Amino acid sequence: MRSHAQVVVIGGGVVGCSVLYHLTKFGWKDVVLVERSELTSGSTWHAAGGFHTLNSDPNIAKLQGYTIRLYKELEEISGQACGLHHVGGLTIATDSDRMDFLKAERAKHRYMDLETELVTPEEVRELCPVLNVDGVVGALYDPLDGHLDPAGTTHAYAVAARKQGAEIILRNRVIELNHESDGTWVVVTEQGTIETEYVVNAAGLWAREVGELAGVYHPLHPVEHQYLVTDDIPEVYEREEELPHVIDPGGETYFRQEGRGLVLGIYEQECELWAAEGTPWDFGHELLPDKLDRISEPLEKAFRRYPCLADAGIKAVINGPFTFAPDGNPLVGPYPGLKGYWCACAVMAGFSQGGGVGLTVAEWMIEGEPSSGVFAMDVSRFGDWATRAYTRDKVTENYRRRFAISFPNEELPAGRPLNTTPAYGMWQAQNAVFGAGYGLEAVNYFAPAGEARFEVPSFRRSNAFGPVGEECRAVRTAVGINEIHNFGKYEVIGPGAEEWLNRLLANRMPRVGRIALSPMLSDSGMLIGDLTVSRLSEDRFQIIGSSSAQAFHMRWFLDHLPDSGIGIRNVSLERIGFQIAGPDARELLSRVTRGDVSNSAFPFLSVMEMDVGLAPAIVCRITYTGDLGYEIYVPAGYQLALYEALIEAGEDLGLRPFGMRAMMSLRLEKSFGSWLREYKPDYTPAETGLDRFVAFQKPGFIGMEAAVRQRETPPRRRLVTLVVDADGADAWADEPIWHDGDVVGFVTSGGYAHFVEKSVALGFVPARLIEDDNVFEIEILGDRRPATLVGEPLFDPAGERMRG
């Protein structure tokens with residue numbers, strides 16, 4: 001066994017072997033995989049082996065498509081058969097909501113080059129004659145779906161990696177991970193010690209334990225999962241062609257052909273977490289005891305859906321554990337604040353996602369960033385707030401919802417409330433309907449008195465439509481108040497702060513008392529931040545960004561922080577407060593402070609420190625509503641005092657609270673983009689219009705060379721605003737944009753702009769088609785709706801209210 005390697009991958013399941021293979025594919029040969037037992041000795045060996053492309057996140061769906069297409073290449077390189085069966089797959093719908101969901105998925109696939117199609121009940125019967133189509137209203141067919149041999153596929157990755165220079169060491173448990181002062185690692189195993197630059201935790205069922213060796217907790221948990229293998233069934237083996245995969249979400253089951261019989265898998269509501277206190281190191285090729293009583297109700301539904309099961313014998317019952325993260329997506333990438341430690345775990349769909357996970361890790365580690373945005377599986381999407389109890393609750397919820405419809409407006413209840421601000425109880429008393437992001441509760445809207453505090457999940461306009469409209473109109477005609485706790489907030493101090501921020505961010509830093517909007521770019525010039533920088537003094541700055549990106553951004557900040565002269569802190573929960581917005585916002589602020597807040601003394605994009613009511617505050621002349629407004633930040637302990645001062649002073653002005661639903665509606669009518677919608681690592685400043693905030697003449701900022709190249713070569717697509725002739729359902733995100741019968745772009749976000757009374761979508765279209773009043777179509781729930789391009793914001797296009 002070698003004593004040094006560039007990378008040590010821990011775990012010999014399909015994910016670990018894929019990571020190893022992709023590292024060698026990208027040219028790194030000094031790589032080692034260490035496995036405590038044999039290859040596949042975890043969840044891999046007992047997996048059902050199915051693969052599919054369906055995923056709610058477009059980039060993960062693309063990676064799943066990559067994984068499936070990779071298998072042929074893998075067989076050729078390794079000479080090892082993967083046991084591929086490309087039989088296609090059906091996801092059936094038995095109600096209108098499910099059919100809406102499948103229509104939305106099919107529409108999304110149009111611009112992803114995934115050749116799925118919607119089929120009728122008659123076509124379902126033709127594709128799968130053993131399926132009873134009673135109650136079926138339609139289905140989504142994916143020709144890429146299929147199944148494979150889990151062991152053969154894992155060994156194909158391993159053989160290919162070995163051929164390309166990797167080493168695999170079996171029966172060798174890792175017992176220590178020691179982080180050295182220079183950022184390297186010492187991996188202590190049963191057979192010896194390996195010094196390495198990078199450790200990749202691909203330990204599957206043991207990912208928690210390996211994380212603990214490195215001093216970190218990973219929010220994931222094993223869950224028991226059962227499937228049945230039947231004896232021979234004449235209706236199956238007498239066919240000339242293999243049956244397609246079938247998912248029956250309403251019945252909580254999936255099935256596929258296995259030789260002359262069937263495999264029937266179940267995601268039951270009465271699920272059971274496994275190994276809550278930790279996975280035993282000596283667990284391996286065992287199965288868990290059968291628990292058929294837990295799946296009796298789904299089995300009854302399966303017998304009705306697949307009548308051929310009624311006379312089939314059961315050859316085997318497989319009950320084995322596999323791991324989920326709280327949201328069901330993998331945990332991938334460099335762990336924030338721990339140099340050289342990487343994650344490739346919680347991959348519950350290893351044969352759909354394993355290839356994509358391996359590709360992502362290799363690209364990121366070797367080239368500095370993945371080729372597409374992968375925030376949906378970035379380990380940084382969870383922070384320290386994701387406790388063990390939270391993880392258990394969310395994993396249970398996610399398992400139960402494996403086949404549930406994902407509505408765009410749905411807020412799931414498990415693990416909530418977790419983090420709240422002092423204002424939480426006050427909002428509850430006002431009938432607030434809450435959502436949650438990054439573990440923190442935030443008001444979505446305020447339900448009318450006497451109505452339930454619950455937004456009905458829907459692809460169409462929900463019961464929130466009326467109340468949100470009232471909140472929007474209150475802001476635009478008087479003044480509204482909204483909590484601003486759910487931004488990421490960072491304080492940067494030190495004599496080198498300006499120099500560092502000028503390198504980190506693409507815009508120039510503002511002078512004292514002013515605010516600058518700035519993109520943050522990766523080395524390749526892609527957007528990794530859309531930040532607001534306030535300069536409070538010569539050596540003190542406040543940075544505002546997306547709440548969901550706190551760990552993502554802190555990882556980047558810390559990775560580029562010099563050894564001395566600068567300090568940075570995440571103050572997101574320490575520094576909270578409210579924004580006030582609307583034509584009467586200045587009058588309201590003037591009543592609660594002795595400072596001069598006139599437009600001449602406190603112009604747009606200014607920042608001042610002043611007392612507001614009884615509270616010491618940082619007040620920023622900016623608002624995401626696009627109206628006249630102010631963001632008022634105070635220490636958390638002063639939040640309620642600030643609220644009382646504002647409410648009392650604003651009573652005669654018609655001051656009204658508004659939530660995030662209204663805020664997102666108001667920003668649409670200003671064509672303001674949003675992080676992870678319009679702005680994310682898949683896009684460039686030139687494509688999104690953020691190049692107007694790039695100081696191209698400023699030397700030495702990260703991503704400068706790429707940004708200059710992008711400016712010199714105009715982008716082929718650009719972000720635009722479209723007004724949609726909607727019919728009770730607005731665009732949300734990922735809908736295809738059509739022009740002259742072809743799909744030419746996609747929606748990044750959308751909704752109803754209540755004050756201007758128009759359905760609005762933001763999205764990317766080819767630059768050659770951008771001209772005012774050009775007509776497109778947006779496919780919403782299978783219906784192509786006319787959409788007209790508008791070249792300026794629908795509200796206050798000149799920005800007179802915002803700047804006045």
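**Exercise 1. Classify the residues that line the second largest cavity, and state which elements supply them.**

*Solution.* Step 1: by class, this lining has four nonpolar, three polar and no charged residues. Ala, Val, Leu, Ile, Met, Phe, Trp, Tyr, Cys and Pro count as nonpolar, Asp, Glu, Lys and Arg as charged, and the others, Gly among them, as polar. The structure is a predicted model, in which local features need pLDDT of at least 70 and side-chain atom pairs count only at pLDDT 80 or more, whereas totals for chains, interfaces and linings use all residues. Residues are numbered from 1 along each chain as its sequence is written, and side-chain values use heavy atoms, without hydrogens and water.

Step 2: the lining consists of I60, L63, Q64, Q353, G356, V357 and M377. A cavity is a set of points, on a 1 Å grid over the protein atoms alone, where a 1.4 Å probe fits but cannot get out; lining residues have an atom within 4 Å of a point.

Step 3: α2 (58-78) and α9 (350-367) each give at least two residues to this lining. Helices are DSSP runs of H or I with at least four residues, strands are runs of E with at least two, and both are numbered from the N terminus.

Step 4: the volume of this cavity is about 40 Å³, a volume being the space filled by probe spheres set on the points, with grid points joined across faces, edges and corners.

**Exercise 2. Describe the largest cavity by its volume and lining.**

*Solution.* Step 1: the whole structure holds four cavities of 30 Å³ or more, and the largest has a volume of about 50 Å³.

Step 2: W427, A442, V443, N482, E483, H485, F658, G659 and M660 line the largest cavity. The elements giving two or more residues to this lining are β20 (440-446) and β21 (480-483).

Step 3: by class, the lining of the largest cavity has five nonpolar, three polar and one charged residues.

**Exercise 3. Determine how helix α5 packs against α9.**

*Solution.* Step 1: α5 (residues 150-163) and α9 pack at about 10 degrees, with their axes 12 Å apart. Axes are lines fitted to C-alpha atoms, for helices over the stretch in contact, and angles run from 0 to 180 degrees between N-to-C directions.

Step 2: α5 is therefore roughly parallel to α9, a description for angles under 35 degrees.

Step 3: P150, T153, T154 and Y157 of α5 meet F351, G354 and G355 of α9, where contact means heavy atoms within 4.5 Å.

Conventions
On a 1 Å grid over the protein atoms alone, a cavity is a set of points where a 1.4 Å probe fits but cannot get out, and a pocket is an open set with protein on both sides within 12 Å along at least five of seven lines; lining residues have an atom within 4 Å of a point. Angles under 35 degrees count as roughly parallel, over 145 as roughly antiparallel, 65 to 115 as roughly perpendicular and the rest as oblique.
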